[in-house]
Amino acid sequence: MKRRTLRRKLLGWLAAYVALVTLAVFSAANYVHEHAEHAVWRSLLNTELDSIIGQMRVDPTYHWQDSDTLRFYAAHEPAGIPETLGRLHPGLHDGALLEGKQAAVMVRDTSDFGRVVLALDISDFGELEHFVTRWALLAGVGLLLVTLLMSWVGMNRLVRPLSVLAQDIAKLSPERRRQQVRVDKRGSTELEVIAGALNDYLQRNEHFVERERAFITTASHELRTPIAVITGAAELALEQPGLPERVRQQLLRVRNTSTGMEQLIQLLLVLARDPAKLAAMSELVALDELLPEIIEDHRYLAKGKELELVLLERAPCQLLAPLAVVQAAIGNLLRNAIENSDRGVIRLGISANAVLTIEDPGHGMSPEEVAQVYARMTKGERNPGGGIGLDLIARLCDHLGWQLEIHSQPERGTRVTLDMGSSRPR
């Protein structure tokens, strides 16, 4: 769901507030106007009607002369009372129709003359009232529009520094050092506090990353010498004639383990470097020639199982990347395929676009289990299956721009695709 901006939220609340205030003021003014109007008509008509009845009581021959706006009707007169007014109950009636015009009518029952009615033509006043009402509504709408316009302008000036700060934060890059965000001179004190806290975090994070890189680099370099000694000693011992088979197997295990450790160190060194600086330690790797060597190095893992490693597709392909890292990534995926399969054929292939495919006849995984594997890779959790772990492979793919996909079905095996094409030389 797309969130609304702060500007739109504030303008929405302000528009609603102004509309409610305008409606409340207009309603209150209309209420007061109606009551004041009724009071005026009641006072005017009662006063005039009292005067007419008083004159009729003093002079029985008195006859009221109607004007253009004021008319008098009595039940005892020959003309009588119009039918539309005769049905009204005693009291004031505002807005009664008389000959198609609006009139304020006062109806009174007297003991001397019966029912008498005094009607005042208010059609002109009604038109004036409608005119004033229309202009009042237009003024209310104009006030709302002017308020929103001024609020929009003010909101832009208020939110602009926040938008600039957000853009500066979006431009931050993990590869650059000594980065800082600055607040526009029109920004508020709160933005200064936010920018200061963010700059402090950037500085502390930079120091943390530097310490981690320095530790990994130092530890990796310190470990490479003893591992090289172990590998060399194992290879020298394997060259000795007459070695018992059990001893040879143990020496092979020592050599393979040390080789895996060397690949792991190389991988850690790659992850400790910036992606932009990897070109210095990369080399041109012929994947179509390297893949058979990796398969032969891992055949010993399939001993004791009814497994066959088959290379199906081997298109000519070259990749610019650290050799040990490529060996570690492919070797780990092949190790996982062997360890999770009991019998059948494991098929490998490499395309001209540097896309590695490994299909195993293993136990497979359900969609939920595949989702859990992706979750572990995302969180960097340890892979219980051995090797350098899918978590490091996932970090390596993110670091080098590779893509790792896993497709699996229960009891139907797993198909792993490693796309290394984004690192190919152009």
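**Note on the predicted model**

1. Cysteine 397 is buried, at a relative accessible area of 5%. Buried means under 20% relative accessible area, exposed over 50%, and partly exposed in between (1.4 Å probe, protein chains only). Cysteine 317 is buried too, at 4% relative accessibility. The disulfide count is zero; a disulfide here is a pair of cysteine sulfur atoms within 2.5 Å.

2. On the basis of the values: this is a predicted model, where local features need pLDDT of at least 70, side-chain atom pairs count only at pLDDT 80 or more, and totals for chains, interfaces and linings use all residues. Residues are numbered from 1 along each chain as its sequence is written, and side-chain values use heavy atoms, with hydrogens and water left out.

3. Helix 1 (residues 6–58) and helix 3 (residues 123–170) have axes that come within 10 Å and cross at roughly 160 degrees. Helices are DSSP runs (H or I, at least four residues), and strands likewise (E, at least two), numbered from the N terminus. Axes are lines fitted to C-alpha atoms, for helices over the stretch in contact, with angles from 0 to 180 degrees between N-to-C directions. Helix 1 and helix 3 are therefore roughly antiparallel, the word for angles over 145 degrees.

4. What residues form the contact of helix 1 with helix 3? They divide into 18 nonpolar, seven polar and four charged. Asp, Glu, Lys and Arg count as charged; Ala, Val, Leu, Ile, Met, Phe, Trp, Tyr, Cys and Pro as nonpolar; the others, Gly among them, as polar.

5. Threonine 414 lies in strand 11 (residues 414–419). Threonine 414 is buried, at 12% relative accessibility.

Methods. Parallel < 35°, antiparallel > 145°, perpendicular 65-115°, else oblique.
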